[in-house]
Amino acid sequence: METNITDIKELTNKKASLNARLALLPYDGTPEVKEINGSAYLYIRKRVGGKVTSKYVDVYSDELYQILLKTNLERREIKKEIRLIDKLLLKMGYEDFELSVKVKMNVDLARSNIKNSIYSQAVLEGIGTTFPQTEDIIENGVVSNLNSMDVQKILNLKRAWEFVLDEDTLKYESDFSLYCEIAKIVNEGFLYNGGLPRAFSVQIGGTSYIPPIPDKERIKKDFAKIFSAHKSIKNRAVDLCLYCMKAQIFQDGNKRSAVIFANHYLVSNGGGLLIIDEKHVSLFKKYLIDFYEEKSKDANKFLLEDCTILLK
């Protein structure tokens, strides 16, 4: 069954909530009763670093003893649930670890360029907003006297970028399910399920190239081949971006989704940022047509040399 990145998000949120509950529980350990000089006292027994420790709580009372029992049971159940979530997350390809300093720096780089990234993608897709208008949409969510569809597309791009720059998403591998989730966000409000691969033929304006109907297993193998190639992270990201654009996996939003997907791979590996700047869009579209028709690899060279921002 295809893993959905939203399932991972739900599980990580649930795990965070469970850990918060654990932190609020007042006692950690198994209650035990000790008799000293004819009086009963309550202690909490716990194993720490292979050694059993015993911590005094209070004078024994039935009420307190029941509270300690209940708390211990609740703690055990929560920890059991967390272990189950960890197993599920591991199966889904997610591992809970601290992002490296380099990746965190890459996130900062992406966030400092996010407005330009979104505007450049809008230009690439022919969305009719100026940079100031795009900036207003990103900051305020709405701009008067603009096409509502254009506004929605900009907001979708913002959501997609926030999604891929989220810490949990960056811990998830750049795979087919993640790409589908990005496309779903990009196409939200326009297609019933914009994250599903198309099941019909399409044509691309300006070229005789007709992309084949997507085959999910074939795409996964192609992704694996790109990721395992003996190339730099930057080169792989560019190959990934162009592959997705040419494959036209979804009914719409393919170029937008491809750029964001390639940037997830770059950022999660501390490899920099890919932005097809507004001033380069016309030339890139020409190179892209040549790439579709296998006339040249200028598109690849162009993205590598003119559109990639590396970390300093």
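1. S257 belongs to helix 11; helices are DSSP runs of H or I with at least four residues, numbered from the N terminus. S257 is buried, at 0% relative accessible area, where buried means under 20%, exposed over 50% and partly exposed in between, with a 1.4 Å probe and protein chains only.

2. This is a predicted model, in which local features need pLDDT of at least 70 and side-chain atom pairs count only at pLDDT 80 or more, while totals for chains, interfaces and linings use all residues. Residues are numbered from 1 along each chain as its sequence is written, and side-chain values use heavy atoms, leaving out hydrogens and water.

3. There are 14 aromatic pairs in the structure. Rings of Phe, Tyr and Trp (its six-membered ring) pair if their centres lie within 6.5 Å; planes under 30 degrees apart count as stacked, over 60 as edge-to-face and the rest as tilted. Y179 and F261 make a stacked pair, with 4.6 Å centre to centre and 25° between the planes. That pair joins distant parts of the chain, with Y179 in helix 8 (residues 176-186) and F261 in helix 11 (residues 254-268), 82 residues apart.

4. Y179 is buried at 0% relative accessible area, and F261 is buried at 0% relative accessibility. One aromatic cluster is formed by Y179, F223, F227, Y243, F250, F261 and Y265.

5. Two lysines need a comment. A charge sits over a ring if NZ of Lys or CZ of Arg is within 6 Å of the ring centre and within 35 degrees of the ring normal. K153 lies over the face of F190, 5.7 Å from the ring centre. The charged end of K246 is over the ring of Y209, at 5.3 Å from its centre.

How values were computed. Helices (H or I, at least four residues) and strands (E, at least two) are DSSP runs, numbered from the N terminus.
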